[in-house]
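Visitor: I would like to learn how to read salt bridges and helix packing in a model. Can we take them one at a time?

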Amino acid sequence: MTDELIVRGAPAEYSCGAGIWDTLPEHLERRGLRRVLVLHGTKSWKAVKSKFPDLSNFDATYLEYGGQVTYEARDLLAQQITADTNQAVIAVGGGKVADLAKAAAFVAAVPVLILPTLAATCAAYTPLSVMYTSEGEMIRFEIFPVSSALVLVDPEVILASPKALMVAGIGDTLAKWYEADIVISQLPERSVEIEIAAFAARKCRDDLLALSEAALLAMDRQELNAEFVKVVETNIMLAGMVGGFGDKYGRTAGAHSIHDALTLLPGTHRLLHGMKVAYGILIQLVIEGRFAEINALLPFYQKLGLPYSLGGIGLEGVSKADLMRVSERAAAPSEMIHLMPQDVDAACVYQAFLALEEHVAKVEVL
């Protein structure tokens, strides 16, 4: 593991605070941006439109993103950006809106500014996009050599977002520790960059285990509290720092390979990204043989509603053929699961699915 490590630690500028979206016009002025495309979602835009700042002093066009992060959608959007001579793209929404905006902005060679409406992933913070087929199967993630120009996180906006998406973000971010640690622990020496990634990954886990219940209670009560703000920033900023400083040593390993493979089955498409990743953590731990760690996590999973069984991810009664197909995809030569020190093949992954089912059934009985 002596490959080149490239630090992509942060957007050019990042700010978090209640009402911070109101500073967007000032940021546009500072950058000399007059003609901009505002890319947004559907439901999220209806929910946050009243909080979006007035851009009447700018030449702003508003566009719904279409629901897909495909290469075709990227290229069409990039063509529109260029044809309309937009100077920047402003993404307002969740991870897919951010990913499509980043990908198209890179092709069109314009800056991207992101105003997240969710804390379900670290997509707002990271200079990469996860690309899918039109059927919803994950293809790969594209990493860009330029960071986003600006990220503005308003906790009050995210407080009003669906609670299920926050839970999914917690599941996705929890994986940062388990995936980074198993890779970094193999390194004979740790550079400063790797140490930062390891610290951020550990803090992701520690903060989420300590603060998530209070943060979700804030959403139930619609009352902003310090725990909620910290979990939001953990899901967005701290999670982004793990891969940002650790590069491939801090990005993904077993849990995300399981997620990617699960997208092969249409029955999992309704499940949020972070929920599949959370389940993938447990499969990774089975492969590692760390059943005591699974036992330690299960109460947290149960309290938050994170999935820990095939039934929990919509695959109760899944056929052996489909589960083997998922296992083969998870263990494909290109998958990051092979960063784990274990010798992982399709049979190993398949047995891990079965072993987790057997284990959690015993734990629940106890």
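Guide: Start with one pair. R290 and E288 form a salt bridge, with their closest N and O atoms 3.3 Å apart. Keep in mind that this is a predicted model.

Visitor: What is the general idea behind such a pair?

Guide: Side chains of opposite charge can pair when their charged atoms come close.

Visitor: Are R290 and E288 buried or partly exposed?

Guide: They fall in separate classes. R290 has 28% relative accessibility, so it counts as partly exposed. E288 has 19%, so it counts as buried. The cut-off for buried is under 20%.

Visitor: Which residues does the network around this pair join?

Guide: Salt bridges with shared partners link R205, D206, E288, R290 and E293 into one network.

Visitor: How many salt bridges does a search of the whole structure find?

Guide: The count is 18. One of them lies between D207 and K203, at 3.3 Å from N to O.

Visitor: Why are D207 and K203 separated by about one helical turn?

Guide: Because they sit four residues apart in helix α7, which covers residues 192-221. D207 is at 14% relative accessibility, so it counts as buried. K203 is at 34%, so it is partly exposed.

Visitor: Why is α6 described as largely enclosed by the rest of the structure?

Guide: Because 19 of its 22 residues are buried.

Visitor: How do α6 and α11 cross?

Guide: Read distance, angle and hand in turn. The axes of α6 and α11 (residues 291-304) come within 11 Å. They cross at roughly 165°. Angles over 145 degrees count as roughly antiparallel, so that is how α6 and α11 lie to each other. The crossing of α6 past α11 is right-handed.

Visitor: Which residues meet between α6 and α11?

Guide: From α6, look at V167, I170, L174 and Y178. They meet E293, L297, F300, Y301 and L304 in α11.

Technical notes
Residues are numbered from 1 along each chain as its sequence is written. This is a predicted model: local features need pLDDT of at least 70, side-chain atom pairs count only at pLDDT 80 or more; totals for chains, interfaces and linings use all residues. Side-chain values use heavy atoms; hydrogens and water are left out. Buried means under 20% relative accessible area, exposed over 50%, partly exposed in between (1.4 Å probe, protein chains only). Helices (H or I, at least four residues) and strands (E, at least two) are DSSP runs, numbered from the N terminus. A salt bridge is a side-chain nitrogen of Lys or Arg within 4 Å of a carboxyl oxygen of Asp or Glu. Axes are lines fitted to C-alpha atoms, for helices over the stretch in contact, and angles run from 0 to 180 degrees between N-to-C directions. Angles under 35 degrees count as roughly parallel, over 145 as roughly antiparallel, 65 to 115 as roughly perpendicular and the rest as oblique. A crossing is left-handed if the near helix is turned anticlockwise from the far one by less than a right angle, and right-handed if clockwise. Contact means heavy atoms within 4.5 Å.
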